[in-house]
Amino acid sequence: MTRPIRVLVAKPGLDGHDRGAKVVAAALRDAGMEVIYTGLHQTPEMIATAAVQEDVDVVGLSILSGAHMTLFPRVRDLLLDAGRDDILLTGGGIIPKEDMDSLQAQGVARLFGPGTSTQDLVDYIREWFASREQQGA
């Protein structure tokens with residue numbers, strides 16, 4: 001049996017609405033993943049540091065503030081600077097399709113909008129993890 005997938009769920013910036021992040025964290029936990037929820041008002045530096053210290057496989061950002069074009073690339077850059085290009089950076093929130101496309105072109109993984117089934121997110125992370133494990137074997 002493989003080890004549990006470790007996921008860090010974070011709310012970067014000044015956005016104070018975390019109900020969605022908590023729902024996602026609970027769904028991932030219920031799916032058997034180890035989840036670390038960092039809470040509100042996290043800086044990109046705090047998120048990247050926690051991801052490295054906790055040795056996570058996935059970082060999921062929940063962004064409703066409109067700052068996604070700044071926050072996702074900053075977290076990605078910090079993870080790369082720390083030598084952790086193996087961490088999947090995903091997330092969701094209120095993100096226009098064209099911004100999702102731009103972020104994916106910059107190395108951010110699939111992003112999820114409002115109304116997405118939590119099962120879709122669980123399946124996506126499991127498929128990514130299984131593919132990564134096969135490549136490493």
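How many bridges join strand S1 (residues 6–10) to S2, and do these strands run parallel or antiparallel?

Reply: 4 bridges join S1 to S2, and the two strands run parallel. A word on the basis: this is a predicted model, in which local features need pLDDT of at least 70, side-chain atom pairs count only at pLDDT 80 or more, and totals for chains, interfaces and linings use all residues. Residues are numbered from 1 along each chain as its sequence is written, and side-chain values use heavy atoms, with hydrogens and water left out.

Strands here are DSSP runs of E with at least two residues; helices are runs of H or I with at least four; both are numbered from the N terminus. Strands pair if DSSP finds at least two bridges between them.

Start with the whole sheet. It is open and has 5 strands, in the order S2-S1-S3-S4-S5, with parallel pairing. Strand S2 (34–37) and strand S5 (111–112) are the edges, each pairing on one side only.

Now the helices. Helix H3 (residues 68–81) packs on the sheet and touches strand S3 (58–63), strand S4 (88–93) and S5. Contact means heavy atoms within 4.5 Å. The direction of H3 makes about 160 degrees with that of S3. Such angles run from 0 to 180 degrees between N-to-C directions, with axes fitted to C-alpha atoms, for helices over the stretch in contact. Helix H5 (residues 118–136) lies across S3, S4 and S5, at about 170 degrees to S4.

Next, the loop between S1 and helix H1 (19–30). Lys 11 lies there. Lys 11 is buried, at 0% relative accessibility. Buried means under 20% relative accessible area, exposed over 50%, partly exposed in between (1.4 Å probe, protein chains only). A polar atom of the Lys 11 side chain sits 3.3 Å from the backbone oxygen of Ser 62. Beyond its neighbours within four places in sequence, Lys 11 touches a set of residues including Asp 18, Tyr 37, Gly 39, His 41, Ser 62 and Leu 64.

His 41 is partly exposed, at 43% relative accessible area.

Asp 55 sits in the loop between H2 and S3. Phi of Asp 55 is positive too, near 50 degrees, in a residue other than glycine. Asp 55 is partly exposed, with a relative accessible area of 47%.

Methods
Polar contact = N/O pair within 3.5 Å; in protein donor to acceptor, adjacent residues only side chain to side chain.
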